[in-house]
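Colleague: I would like to learn how to read the features of a model one at a time. Could we go through them together, starting with a helix?

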Amino acid sequence: MKSFKKYLAEFIGTFVLVLFACGVAAVTGCKFPEAGYVATALAFGLVIVAMAYSIGNVSGCHINPAVSIAMLISGKLSVKDFFGYIIAQFAGAIAGAAVLMAIIGKDSGLGTNGLYNGDIWLSLLIEVILTFVFVIAILGVTSKVENGSVAGLVIGLSLVLVHLLGIPFTGTSVNPARSFGPALFVGGDALSNVWVFIVAPLVGGALAALVYKFLTCCCKKDKKED
């Protein structure tokens with residue numbers, strides 16, 4: 001039952017992320033492109049803040065496979081829960097995109113991602129970097145128990161930051177589930193290119209975990225030597 005509650009929490013969190021944040025991206029992006037960048041970045045960040053303080057004590061509020069793979073590598077998530085989280089996150093994203101499509105229609109784009117200038121490799125690089133920055137911030141702020149009261153805010157603001165830079169390039173994914181849900185219903189190029197926005201965030205999340213583990217190990221060794 002405990003595992004089910006965690007998976008349900010991840011489903012709900014990802015559902016809300018796609019419905020509200022991708023919804024803001026679809027609505028404001030069509031009518032107010034420039035202002036839409038800021039509104040979308042804030043929407044993604046605010047959803048994370050809201051969910052962190054809502055379901056964070058249940059599942060840790062990953063709502064993102066890139067975060068889950070980083071936690072797996074860091075030893076903070078079991079293999080069983082990793083797959084449970086991934087399934088719940090993708091299911092939540094699909095459900096959120098389905099509801100969003102029912103409200104505004106798929107012609108809005110549903111907040112899907114796109115290749116930067118049609119360049120797969122450049123898009124992969126951008127998404128790896130954005131995800132790396134986002135996930136390493138999560139690993140850092142959640143590494144100390146005393147940061148618990150501000151962790152949700154820091155993580156949300158970090159997501160705002162990477163969106164402000166990434167939206168003009170790829171629309172900013174940094175989350176495979178968030179990208180897959182809308183792409184599944186929009187189809188076309190969004191669906192054929194969605195693998196980029198699945199692979200790159202997973203790579204970025206894994207790299208962040210490995211780098212953070214290396215940095216913290218070095219710090220511990222230095223303290224012992226001192």
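This is a predicted model: local features need pLDDT of at least 70, side-chain atom pairs count only at pLDDT 80 or more; totals for chains, interfaces and linings use all residues.

Colleague: What does a side-chain oxygen of N175 reach at the start of α7?

Modeller: That oxygen comes to within 3.1 Å of the backbone nitrogen of A177. After α7 comes G187, which has a positive phi, near 70 degrees.

Colleague: How should I read a nonpolar core?

Modeller: In soluble globular proteins, nonpolar side chains tend to be buried together. Here the largest nonpolar core has 47 residues, and L17, M51, I63, F134, V135 and L159 are those with the most contacts inside it. The elements giving two or more residues to this core are α1 (2–31), α2 (33–59), α3 (65–73), α4 (79–104), α5 (120–141), α6 (148–170) and α9 (196–225). Another core, of six residues, lies apart from it; L115, L124, V196 and A200 are among them.

Colleague: Which residues does M51 touch, leaving out those up to four places away in sequence?

Modeller: M51 touches G13, V16, G56, C61 and I63 on that count.

Colleague: And F44, is that residue buried or exposed?

Modeller: F44, in helix α2, has a relative accessible area of 2%, so it is buried. Leaving aside neighbours within four places in sequence, F44 is in contact with L17, A21, C22, L159, H163 and R178. R178 is also one of the buried residues of α7.

Colleague: Now the surface. Which residues form the nonpolar patch there?

Modeller: The patch consists of I120, W121, W195, V199, V203, L207 and L210, and together they have about 670 Å² of accessible area. At least two of its residues come from α5, and at least two from α9. The largest share, four residues, is supplied by α9.

Colleague: Where is W195 found?

Modeller: W195 is in the loop between α8 (188–192) and α9. Its relative accessibility is 39%, so W195 counts as partly exposed. The cut-offs behind that label are 20% and 50%.

Colleague: How many salt bridges does a search of the whole structure find?

Modeller: The search finds one. The pair is D81 and K6, with their closest N and O atoms 2.7 Å apart.

Colleague: Why does K6 count as buried?

Modeller: K6 counts as buried because its relative accessibility is 15%. D81 is buried too, with a relative accessible area of 10%. For both residues the label follows because buried means under 20%.

Colleague: Last, a loop residue. Where is the place of S108?

Modeller: S108 sits in the loop between α4 and α5. With 18% relative accessibility, S108 counts as buried. A polar atom of the S108 side chain lies 2.9 Å from the backbone oxygen of G105. The S108 side chain also reaches the backbone nitrogen of L110, at 3.3 Å.

Note on methods. Residues are numbered from 1 along each chain as its sequence is written. Side-chain values use heavy atoms; hydrogens and water are left out. Buried means under 20% relative accessible area, exposed over 50%, partly exposed in between (1.4 Å probe, protein chains only). A polar contact is a pair of N or O atoms within 3.5 Å; within protein, one must be able to donate a hydrogen and the other to accept it, and residues adjacent in sequence count only if both atoms are side-chain atoms. A nonpolar core is a set of buried Ala, Val, Leu, Ile, Met, Phe, Trp, Tyr and Cys residues joined through side-chain atoms within 4.5 Å. Contact means heavy atoms within 4.5 Å. Patches are made of residues with over 30% relative accessible area and no salt bridge: like charges are joined within 9 Å, nonpolar side chains (Val, Leu, Ile, Met, Phe, Trp, Tyr) within 5 Å. Accessible areas come from the Shrake-Rupley method with a 1.4 Å probe; for residues, only the protein chains shown count as cover. A salt bridge is a side-chain nitrogen of Lys or Arg within 4 Å of a carboxyl oxygen of Asp or Glu.
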